[in-house]
Amino acid sequence: MQEISNTELAVLNVLWQQSPLSANEVITALAQQKMHEKTVKTLLNRLVRKQAIGFEKQGRAYLYRPLINQNEYQLKESKSFIERVFGGNLSPLVAGFAKNNKLSADDIEELKAVIKDWEKEQK
């Protein structure tokens, strides 16, 4: 999978929320982010070339849909970030958030569940 820029990711996020969408529908969804119409169309074309999204022609419009799964993309990017920034060690990231009180009670419970599941798998 080719690298996806932050602005391309904004387009993908729209399509992950709802698809298929026409270019005009994507433009409308990104209007809040002050993204120009021409920019959105350029981003759609880039994502098609990168095979991150696909399209089908319906009448005079093209309907776009993601070709990559959101969860798989997030996992790949998370692993890449942890590898680059923390040398592959997750604990400094979690510890940093915990020390700065950035973890909610729900986050803590979810982490506990993940660790519990991981421990079961290791037995």
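Q: In which strand is S22 found?
A: S22 is found in strand β1. Strands here are DSSP runs of E with at least two residues, helices are runs of H or I with at least four residues, and both are numbered from the N terminus. β1 covers residues 21-22.

Q: What kind of model is this, and what limits apply?
A: This is a predicted model, in which local features need pLDDT of at least 70, side-chain atom pairs count only at pLDDT 80 or more, and totals for chains, interfaces and linings use all residues. Numbering starts from 1 along each chain as its sequence is written, and side-chain values use heavy atoms, with hydrogens and water left out.

Q: Why is S22 called buried?
A: The relative accessible area of S22 is 14%. Buried means under 20%, exposed means over 50%, and partly exposed lies in between (1.4 Å probe, protein chains only). S22 is therefore buried.

Q: What is S22 in contact with, leaving aside its neighbours within four places in sequence?
A: S22 is in contact with Y62, L63 and Y64. Contact means heavy atoms within 4.5 Å. S22 also stands opposite L63 in β3.

Q: What makes β1 and β3 a pair?
A: Two bridges join β1 to β3 (residues 61-66), in the antiparallel sense. Two strands pair if DSSP finds at least two bridges between them. Two bridges meet that cut-off, so β1 and β3 pair.

Q: How many bridges join β2 to β3?
A: Six bridges join these strands, which run antiparallel. Among the bridge partners, Q58 goes with A61 in β3. I53 stands opposite P66, also in β3. The two strands form a hairpin with two residues between them, and G59 in the turn has a positive phi of about 65°.

Q: Why are β1 and β2 called edge strands?
A: The open sheet has three strands in the order β1-β3-β2, with antiparallel pairing. β1 and β2 (53-58) each pair on one side only.

Q: Which strands does α3 touch as it packs on the sheet?
A: α3 touches β2 and β3. The direction of α3 makes about 110° with that of β2. Axes are lines fitted to C-alpha atoms, for helices over the stretch in contact, and angles run from 0 to 180 degrees between N-to-C directions.

Q: Which residues have the most contacts inside the largest nonpolar core?
A: V11, L12, V26 and L30 have the most contacts in this core of 22 residues. α1 (6-17), α2 (23-30) and α3 (37-49) each supply at least two of its residues. α1 gives the most, with six. A nonpolar core is a set of buried Ala, Val, Leu, Ile, Met, Phe, Trp, Tyr and Cys residues joined through side-chain atoms within 4.5 Å. Leaving aside its neighbours within four places in sequence, V26 is in contact with V11, V14, L15, L21 and V40.

Q: Why is K34 called exposed?
A: K34 has a relative accessible area of 75%. That value is over the 50% limit, so K34 is exposed. K34 is found in the loop between α2 and α3.

Q: Is the peptide bond from S19 to P20 cis or trans?
A: The bond is cis, with omega near 0°. P20 has its place in the loop between α1 and β1.

Q: Why is L67 called partly exposed?
A: L67 has a relative accessible area of 46%. L67 lies in the loop between β3 and α4. Beyond its neighbours within four places in sequence, L67 is in contact with Q51, A52, I53 and G54. L67 and W16 are 51 residues apart in sequence and 9.7 Å apart in space, C-alpha to C-alpha.

Q: Which helices each supply at least two residues of the lining of the largest pocket?
A: α4 (70-86), α5 (91-99) and α6 (105-122) do. α6 gives the largest share, six residues. The lining has 15 residues, of which I82, L90, L93, V94 and L111 lie nearest the centre of the pocket.

Key. 1 Å grid on protein atoms, 1.4 Å probe; cavity = no way out; pocket = protein on both sides within 12 Å on 5 of 7 lines; lining within 4 Å.
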